[in-house]
Amino acid sequence: MDEDLERALALSLRESRANASSSRAISISDSEDDDDDRFQSELLQAIQVSKTESSRATTQSVHNPEPPSQSVRSTPTASFLSERAQMERERLERLKRVRGKDADDGGRISPPAKRQRIPSFEILANGRANIASASSSSLPSGSSASSRTASTAINPIPTSEQLFWNGELRPTANKHSQPRQDGKSTFRLTEVLGLKSDISFAIIASYSTSVSWIYEFFAPSTPVIVVAQPDQSGQPTIKNILPNWVMTVPFLRNGRGCQHMKFMLIFYKTGRLRVVISTANLIDYDWRDIENAVWLQDLPPRSAPLPHDPKAIDDFPSIMQNVLRAVNVRPALANMLANDHPNLPLQTISDLRMKWDWSKVKVKLVPSIAGKHEGWPNVILTGHIRLMKAVRDMGLRTGRGKAAKDLVIESQGSSIGTYSTQWINEFYWSARGESAEDWLDEPKSRRAKLSWPPVKIVFPSLKTVRDSVLGEQGGGTMFCRTNQWEASKFPRELFHDSNSAGGRVLMHTKMIIATYRPKKSIFEATSQSKGKGKELSDSETEPESDDIEIQNDPIGWAYVGSHNFTPSAWGTLSGSGFNPVLNVVNYELGIIFPLYDAKDAERVSCFKRPARKYVSGQDRPWIQEESQLLRQNQ
């Protein structure tokens with residue numbers, strides 16, 4: 001059957017569902033999931049009917065030949081595509097009514113008054129942050145703001161290739177903040193992917209995925225593996241969802257939690273591999289109406305594969321391979337290789353480390369793998385304990401005793417957790433690079449009595465949401481519950497307002513800016529204030545403080561990825577120093593890298609710093625369930 005017709009059928013079926021709610025406010029919750037089984041059934045039925053009708057039309061044309069133009073007009077395919085075109089016109093009209101004048105250009109961004117020199121945040125080969133000015137000559141040729149879309153489901157505009165051999169971190173383009181107030185360069189999805197004709201294979205992951213929308217950014221013949229959210233059963237499955245497309249979902253205990261990772265591995269026909277870690281879902285809203293962030297890096301192919309090294313478990317590619325196995329990519333890859341695509345550039349998961357040159361990748365990869373992890377070899381690879389290991393590997397452990405440094409953490413996110421002083425201090429201990437073994441060896445009663453550490457939870461206030469470009473109807477991807485906020489022991493004093501450095505838009509970006517200053521450890525301070533207790537000593541299995549080099553040059557580190565500041569995302573530690581247990585609810589993925597000075601922190605930060613602290617009795621976080629306007633539109 002005609003590939004264009006199959007694609008049109010798939011798009012039509014998807015959009016027929018979306019039409020009913022196209023004028024409603026956007027709201028994506030952790031329980032939301034596409035009904036892919038029903039979609040598959042409908043798609044297969046539609047394809048079968050179309051094949052039958054096409055066969056009849058072909059047979060009739062053989063016996064009653066007509067002029068080509070008349071024959072084309074009379075086929076069911078032409079009739080279907082004509083209806084499809086009419087549906088598209090109606091869809092655009094609906095968009096105009098919903099979005100007003102913004103939809104008149106088909107979702108395209110109005111051009112700025114003039115081209116400006118804009119800074120670009122780059123992770124250099126030595127791991128240090130740098131800002132490079134990007135003049136018009138460094139932007140993709142033929143892809144000016146007037147001719148590019150932030151994201152559009154219809155005919156995504158191809159872009160010339162930009163290569164980033166040292167890595168690049170940018171906010172995503174947003175139609176409501178062009179040009180950005182801070183002047184930073186941005187990424188559009190077309191720029192992240194490159195020319196669709198150049199892609200030979202892709203593995204893409206997202207919590208919320210609009211298959212019909214993202215499908216348009218790839219050539220129909222390109223094989224794609226989509227890692228998505230499991231259904232309520234939480235069972236791992238793979239299934240063909242479109243020609244050349246396989247969807248895979250990982251295991252979730254009791255169906256609880258999220259496949260919340262957002263990443264892409266883009267393989268090009270030249271042999272190059274692009275690694276993408278993002279905060280954006282694969283839906284048009286995330287790339288058009290709210291702000292996200294993308295880190296990406298291009299890797300050249302090796303002239304000869306490295307030999308397999310079973311001891312390599314802690315570098316970027318090894319951790320990425322563990323991620324692919326955890327989210328059920330291996331059976332999806334085997335399915336593709338055994339059927340229509342035996343010559344994929346990735347033949348096994350282990351090829352990822354062996355066939356591409358990762359030597360210039362200086363950021364650290366930090367995953368969370370859903371499940372119960374026991375024993376140090378397993379615990380050290382996931383959640384906030386992996387974060388601790390990454391901080392240590394960068395030489396950024398805060399240290400202990402008189403020379404101890406204390407982190408100030410600013411955590412920007414789109415979802416709020418249920419917090420206790422013990423969990424926030426547990427996370428804070430790992431964020432300092434301090435021994436999780438020491439933490440577990442402390443009595444639970446002592447851990448539970450610690451005060452709040454210096455953590456700023458950056459989340460939009462009700463006033464900020466109302467003052468944003470889209471108002472309350474744009475707050476559908478920000479989550480805080482009334483019962484959380486009003487709980488007696490909730491850390492309301494830690495909350496700070498979230499305001500984008502780019503403009504009056506809301507941010508879906510998950511980011512931590514961690515900067516340290518000389519200060520005593522939390523346990524030492526607590527002990528001295530009570531006039532008793534002991535300073536924690538390093539365990540016998542941990543190296544002494546003198547053995548760890550504490551760098552004085554960096555001022556801290558930054559994290560960007562899918563992790564919100566919640567126990568579900570980062571995990572909860574229990575057990576003992578001898579046998580630790582880390583329980584993680586979600587699959588998450590992000591990167592961490594050092595910050596060398598205050599300018600680095602400003603360049604990286606997606607939010608305005610210093611973030612404004614909530615005023616007690618006046619400020620309240622944005623809470624969807626309390627929004628009458630949002631309820632009326634759902």
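A disulfide is a covalent bond between the sulfur atoms of two cysteines. In this predicted model, the structure holds zero disulfides. The chain has 634 residues, of which 55% count as buried, and it is built with 21 helices and 20 strands. The points below move from the chain as a whole to particular residues.

**The chain as a whole**

- Among the contacts in the chain with a separation of 6 or more, 77% are accounted for by residues 24 or more positions apart.

**The residues listed as active site**

- An unreviewed UniProt entry lists His260 and His508 under "active site". These two residues span 249 residues in sequence, yet their C-alpha atoms are not more than 12.7 Å apart, so they gather at one spot.
- His260 lies in the loop between strand β7, residues 245–249, and strand β8, residues 263–268. With a relative accessibility of 8%, His260 counts as buried because the cut-off for that word is under 20%.
- When residues up to four places away in sequence are not counted, His260 touches Tyr207, Lys510, Ser562, Asn564, Tyr587 and Glu588.
- His508 is found in the loop between strand β15, residues 495–496, and strand β16, residues 510–518, and it is buried, with a relative accessible area of 5%.
- Leaving aside neighbours within four places in sequence, His508 is in contact with residues that include Lys262, Thr279, Ala280, Asn281 and Asp286, and also with Ser414, Thr477 and Met478, among others.

**Ser206 and its surroundings**

- Ser206 has its place in the loop between strand β4, residues 199–205, and helix α6, residues 211–215, and at 0% relative accessibility this serine counts as buried.
- A polar atom of the side chain of Ser206 lies 2.7 Å from the backbone oxygen of Ser208.
- Apart from neighbours within four places in sequence, Ser206 is in contact with Val227, Ala228, Gln229, Gln259, Met261, Lys262, Asn281 and Leu282. Of these, Lys262 and Asn281 are also in contact with His508.

**Helix α8**

- Helix α8 covers residues 316–326 and is mostly covered, since eight of its eleven residues are buried.
- The buried residues of α8 are Phe316, Pro317, Ser318, Ile319, Met320, Gln321, Val323 and Leu324.

**Lys239 in a strand**

- Lys239 belongs to strand β6, which runs over residues 237–242, and it is partly exposed, with a relative accessible area of 24%.
- Although Lys239 and Asn335 are 96 residues apart in sequence, the distance between them in space is 9.3 Å, taken from C-alpha to C-alpha.

Key:
Residues are numbered from 1 along each chain as its sequence is written. This is a predicted model: local features need pLDDT of at least 70, side-chain atom pairs count only at pLDDT 80 or more; totals for chains, interfaces and linings use all residues. Side-chain values use heavy atoms; hydrogens and water are left out. Helices (H or I, at least four residues) and strands (E, at least two) are DSSP runs, numbered from the N terminus. Buried means under 20% relative accessible area, exposed over 50%, partly exposed in between (1.4 Å probe, protein chains only). Contact means heavy atoms within 4.5 Å. A disulfide is a pair of cysteine sulfur atoms within 2.5 Å. UniProt positions are given in the numbering used here, feature names are shortened, and annotations may be inferred rather than shown by experiment. A polar contact is a pair of N or O atoms within 3.5 Å; within protein, one must be able to donate a hydrogen and the other to accept it, and residues adjacent in sequence count only if both atoms are side-chain atoms.
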